[in-house]
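Welcome! Have a look at it first, and then read on.

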Amino acid sequence: MRRWLVVLMAALVLAAGMPVGPPSAAVAAAAVSYKVATKSLPVLKEPDQKAAVKGYLTQGATVQVTDEQFGWMKVSGQGLTGWAAGHYLVKSASGGTSGSASSVSLSGAAGQKSSVITGSGVRVRSGPGTGYSVVGSVTTGDRVTVLKTSGQWSSVKTPGGLAGWVSSQYISSSSGTLVSTGGGSGPAAGSGIGSLKGKLIVIDPGHGGNDPGMIGTTHKTEEKDLTLSTSKLLADELRARGASVILTRTKDSEKPSLPDRVRIAEQASADAFVSIHYNSSPTKASGTLVFYYSKNKDVPLARAVEGPLEGLSLGTNGISFGDYHVLRENSLPSVLLELGFLSNAKDEAEVRTEKYQKEAAAAIAQGFEAYFARKST
């Protein structure tokens, strides 16, 4: 009897023109090829991190994606079918799509240069900008042929045939000279003094007080210490570019409530909000991740910040939907950043260093510059 009621209710909903299922779930579509971009990716029975694990996909494996829900993708490959976290999957190159950078031919092109990639996990995109889709990635030491440049982007092709666009700041010629200029090298390349003048940015160092956050599995590093030190470095970077900055906490003993963190930003009429965190996972996950809540309000900022993070030593896992209070209840453009996994011994050792935190701060500040520059055009 109950079964017939369910069928009847579904029919009534369809007749009314309403979608069946979760409101933010994507409608299942034709299979699209993706590649696994992490060493070991769990495939779950349901699109829920608490669901049972059916097996693991290996890095570089090609899978078919037929559905997406709340940042999870339904995958099929290596004898497994189930759900995997979408931010660990990169769309496979189309290999000749009309108008895409992947269709560029090497033959007869003038001004080609043999160059070396200087950043870890640098994404190759279908066009010259972070708004274009990812077609693959290259990493430190990889050789590429530069076909042409457009602004701060270079059209490249690898010996293996991967073609697309990468940020020029991560490309060096064989002699070590940058292919295209941009005011130096490293994550802060191209930044200008006063470029954020008139902007007010609220930085939220996660956790604090009696809430340590995640604790490192190797060195027992407390997340709250890293978020505060990184946030202070980020404040310095933003102020150097002309921005005004407010921190939701400035001491280890402070632990504002989640509503208070949002309230501080709202009452200040800030231009943007960024919450700093460090991650943990039962898998061997590594790298950074940028979370957003609202596609219209937050995604442009998330994409702008995620781009420069590609140049960090740990690389990036892209952007992903996150149902977090400080994002969900915030009317400002907001992002929550996870800057490394304390559950990963390599990540934990790296993020503990001042060098890494300074580079992360510079990359985030550069992302804010790019975001506000686009808004003003």
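A residue counts as buried when its relative accessible area is under 20%, and as exposed when that area is over 50%, with partly exposed in between. Please keep in mind that this is a predicted model. The chain has seven helices and 20 strands, and buried residues account for 47% of its 377 residues.

**The chain as a whole**

- About 17,800 Å² of the chain is accessible surface, and carbon and sulfur atoms hold 54% of that area.
- Of the contacts between residues at least 6 apart in sequence, 68% connect residues at least 24 apart.

- Strand S16 spans residues 244-247 and has two faces: Val 245 and Leu 247 are on the covered one, while Ser 244 and Ile 246 are on the uncovered one.
- Strand S15, residues 200-205, pairs with S16 in the parallel sense, over four bridges.
- Within this pairing, Ile 246 of S16 is the bridge partner of Val 202.

**Helix H3 and its buried side**

- Helix H3 runs over residues 258-267, and Arg 261, Val 262 and Ala 265 in it are buried.
- These residues are on the same side of H3, because they cover an arc of only 95° around the axis.
- What do the buried residues of H3 pack against? Their neighbours are S15, strand S17 (272-279) and helix H5 (325-328).
- Just after H3 comes Ser 269, which takes a positive phi of about 55°.

- Strand S12 covers residues 153-157, and five of its five residues are buried, so S12 is largely enclosed by the rest of the structure.
- Trp 153, Ser 155 and Lys 157 point one way from S12, Ser 154 and Val 156 point the other way, and all are buried.
- On one side of the pairing story is strand S11, residues 143-150, which runs antiparallel to S12 and is joined to it by five bridges.
- Val 146 has Val 156 in S12 as its bridge partner.
- S11 and S12 form a hairpin with two residues between them, and Gly 151 in that turn has a positive phi of about 65°.
- Strand S13, residues 163-167, also pairs with S12 in the antiparallel sense, again over five bridges.
- In S13, Ser 167 stands opposite Trp 153.
- The hairpin of S12 and S13 has five residues between the strands, and Gly 161 in its turn has a positive phi of about 105°.

**Salt bridges**

- Side chains of opposite charge can pair when their charged atoms come close.
- How many salt bridges does a search of the whole structure find? The search finds 12.
- One of the pairs is Arg 125 with Glu 306, whose closest N and O atoms are 3.3 Å apart.
- This pair links distant parts of the chain, as Arg 125 is in strand S9 (residues 122-125) and Glu 306 is in helix H4 (residues 299-309), 181 residues apart.
- Are the two partners buried or exposed? Arg 125 counts as buried because its relative accessibility is 3%, and Glu 306 also counts as buried, at 3%.
- Another salt bridge brings together the side chains of Arg 328 and Glu 329, at 3.0 Å from N to O.
- Here Arg 328 is partly exposed, with a relative accessible area of 33%, and Glu 329 is partly exposed as well, at 42%.
- Lys 355 forms a salt bridge with Glu 359, and their closest N and O atoms are 2.9 Å apart.
- Both of these residues lie in helix H7 (residues 354-375), four residues apart, which is about one turn of the helix.
- Lys 355 is exposed, with a relative accessible area of 56%, whereas Glu 359 is partly exposed, at 24%.
- Some salt bridges share partners, and these join Arg 125, Glu 306 and Glu 310 into one network.

Methods: Residues numbered from 1 in each chain as written. Predicted model: local features only at pLDDT ≥ 70, side-chain atom pairs only at ≥ 80, totals over all residues. Heavy atoms only, no water. Buried < 20%, exposed > 50% of the residue type's maximum accessible area, 1.4 Å probe, protein only. Pairing = 2+ DSSP bridges. Salt bridge = Lys/Arg side-chain N within 4 Å of Asp/Glu carboxyl O. Contact = heavy atoms within 4.5 Å. Areas by Shrake-Rupley, 256 points an atom, 1.4 Å probe, with all protein chains shown as cover. Arc of directions from axis to C-beta.
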